[in-house]
Amino acid sequence: MGRADRLARAVRDHPPVIAARAGHRCRAGAHSYLADGRVVCWVLPEPESPHDRPLAHAVDAELALQPVPPGIDARWRLAGIPTRGRFWELWCATEILAKLADVPMVLLARRAPVTCSPVVGPRVEIHHVVTRVGEVVVAHGLAWATTSEAGPAQA
Ligand SMILES: [Zn+2]
């Protein structure tokens with residue numbers, strides 16, 4: 001099974017939990033905090049073999065109906081990226097790269113958003129998938145060590 005399929009299966013088998021932030025206690029999950037006080041928690045299932053274990057996992061979530069930051073939206077549209085109706089999907093996907101590649105989001109947001117998966121860097125490749133849980137946009141990401149035959153660096 002390829003890495004994109006492993007990610008899709010992990011999201012399908014272990015969908016994120018959205019709960020009140022107060023009182024949520026867990027150590028295994030990756031977390032993202034919504035503007036309304038809830039937390040999104042994604043626990044990665046154990047891989048079938050230790051070989052398949054990613055280096056790290058991350059989740060990022062936003063309320064789909066909250067206003068978009070106009071400056072970033074304008075910049076991304078100027079860069080040729082259609083953002084209408086999907087700004088927060090692009091935002092969350094870019095946040096996944098920020099979290100897993102350890103690059104500040106302000107730097108990434110100044111450029112163009114992440115629009116494809118995986119993003120392949122010299123050491124890690126980062127796969128993401130975006131889902132919608134009611135009014136919450138959720139991006140899930142996994143980082144793996146870059147395979148030797150991977151293409152040129154993008155991250
Ligand atoms: Zn949790």
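Predicted model: local features only at pLDDT ≥ 70, side-chain atom pairs only at ≥ 80, totals over all residues.
Reader: How do you know which atoms are donors of the zinc ion?
Author: By distance. The cut-off is 2.8 Å from the metal, and His24 (NE2), Cys26 (SG), His31 (NE2) and Cys41 (SG) lie 2.0 to 2.3 Å from the zinc ion. These atoms therefore count as its protein donors.

Reader: Why is the site of the zinc ion called tetrahedral?
Author: Four donors get that label if all angles lie between 85 and 135 degrees. Here the angles among the 4 donor atoms are 103 to 123°, so the site passes. For reference, the ideal angle for four tetrahedral donors is 109.5 degrees.

Reader: What spacing do the donors of the zinc ion follow along the chain?
Author: They read H-x1-C-x4-H-x9-C. His31 sits in strand β2 (residues 30-33) and Cys41 in strand β3 (residues 38-42), so this pair ties together parts that are 10 residues apart in sequence.

Reader: What makes Cys41 buried or exposed?
Author: Buried means under 20% relative accessible area. Cys41 has 4%, so it's buried. His31 comes out at 22%, so it falls between the 20% and 50% limits and is partly exposed.

Reader: Why is the contact of Arg9 and Glu48 called a salt bridge?
Author: The rule wants a side-chain nitrogen of Lys or Arg within 4 Å of a carboxyl oxygen of Asp or Glu. Arg9 and Glu48 meet at 2.9 Å, N to O, so they qualify. The pair links distant parts of the chain: Arg9 is in helix α1 (residues 3-13), Glu48 is in the loop between β3 and β4 (56-63), and they are 39 residues apart. Going by that rule, the count is 8 salt bridges.

Reader: What about Lys99 and Asp60: what makes that pair a salt bridge?
Author: Their side chains meet at 3.1 Å, N to O, so they too are inside the 4 Å limit. This pair also links distant parts, with Lys99 in helix α3 (residues 87-101) and Asp60 in strand β4, 39 residues apart.

Reader: How do you know whether Asp60 is buried or exposed?
Author: Asp60 has 4% relative accessibility, and the limit for buried is under 20%, so it counts as buried. Lys99, at 35%, is partly exposed.

Reader: And how exposed is Glu48?
Author: Exposed means over 50%. Glu48 has a relative accessible area of 68%, so it's exposed, whereas Arg9 at 32% is partly exposed.

Reader: What is the mean pLDDT of the protein?
Author: The mean is 92, and 95% of the residues reach 70 or more. Confidence is highest in β3, at 98.

Technical notes. Residues numbered from 1 in each chain as written. Heavy atoms only, no water. Donors = N, O, S within 2.8 Å, 3.2 Å for Na, K, Ca; no water. Tetrahedral: all angles 85-135°; square planar, octahedral: opposite > 155°, others 65-115°. Helix = DSSP H or I, 4+ residues; strand = E, 2+ residues; numbered from the N terminus. Buried < 20%, exposed > 50% of the residue type's maximum accessible area, 1.4 Å probe, protein only. pLDDT = per-residue confidence, 0-100.
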